[in-house]
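Please keep the sequence and the coordinates at hand while working through them.

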Amino acid sequence: MSDHWEFFPCAMGDHTAFIFVDVGIHDSIGNAPARVCKVRLKYRHTFPSGLPTEEDFEPAKAIEDRLEAFASEAKDWYVGRVTVDGHRQFHYFTTQAKEAWDGEVAKLSSEYGFELSVQIADDPDHDAYLKDLYPTEDDWRVISDMRVIEGAKERGDAITQARQIDHWIYFDTEPAAQPFIAWAKEEGYTFQPEYSEPDEENERYCVRICHHGTLELHDLTHHTLSLTHKVEELGGEYDGWETPIVR
């Protein structure tokens, strides 16, 4: 385990999943055991979102700590978890037999009163980490947005209040930017020509557009993801957003 973990929401079927993953081990994941163990916990009390109520939160955390200690004793790798639709699934790369995991999980299930199950499978490519947990490019965009939102909240921002949000985009040349500018206008963004000019230091053309909205994550990422996709499709670079603090 490393000290660099990330938490982010993502779509999983008809539900929103919440992933917590050790991204710091990405470059060394090839050294992990080649078998994955997934321990699935079913919550007893959940909100409509599928997340646990306070009644289940603490005992589920205790189970996670106990499982992590069990894995650590055998030098197994705990790499992350997924919470979705009333369940939480822990991912380990393990050298231990299924019987050992079954015994530990049965003990925890009896002690804490949760329904727990175990699946173990060969995973030489570590897909349970690289494909099931590790953030995609879109996920990294969401993670970046979450960091800025949290910073704004710490400074007293009322994130539910709508305000102007500016977006910065770069293209190699002004002609290369024109298809994006036309698309942005059609999508209702405001184009600000006074801030769209050659960037002499980086030898690129800067485009700034804005929209009016909140800093609630679903509202903001609707824009940042669609802008990122369109800008990259047209050969540019989306360089982020900024907004004043609204109290």
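**Exercise 1.** Which residue in β5 does V36 stand opposite?

Solution. The model is predicted, so local features need pLDDT of at least 70 and side-chain atom pairs count only at pLDDT 80 or more, while totals for chains, interfaces and linings use all residues. Residues are numbered from 1 along each chain as its sequence is written, and side-chain values use heavy atoms, with hydrogens and water left out. Strands are DSSP runs of E with at least two residues, helices are runs of H or I with at least four residues, and both are numbered from the N terminus. The residue opposite V36 is F93 in β5. β3 and β5 pair in the antiparallel sense, over seven bridges, where pairing requires that DSSP finds at least two bridges between two strands.

**Exercise 2.** Find how many bridges join β3 to β6, and name a residue opposite V39.

Solution. Strand β3 (residues 35-42) and strand β6 (residues 115-122) run antiparallel and are joined by eight bridges. V39 faces V118 in β6.

**Exercise 3.** Locate K75 and D85, and decide for each whether the residue is buried or exposed, or in between.

Solution. K75, in the loop between α1 (54-73) and β4 (77-84), has a positive phi of about 60° although it is not a glycine. K75 is exposed (over 50% relative accessible area, with under 20% counted as buried and partly exposed in between, using a 1.4 Å probe and protein chains only), its value being 69%. D85 lies in the loop between β4 and β5 (87-93), and its phi, near 50°, is likewise positive in a residue other than glycine. With a relative accessible area of 42%, D85 is partly exposed.
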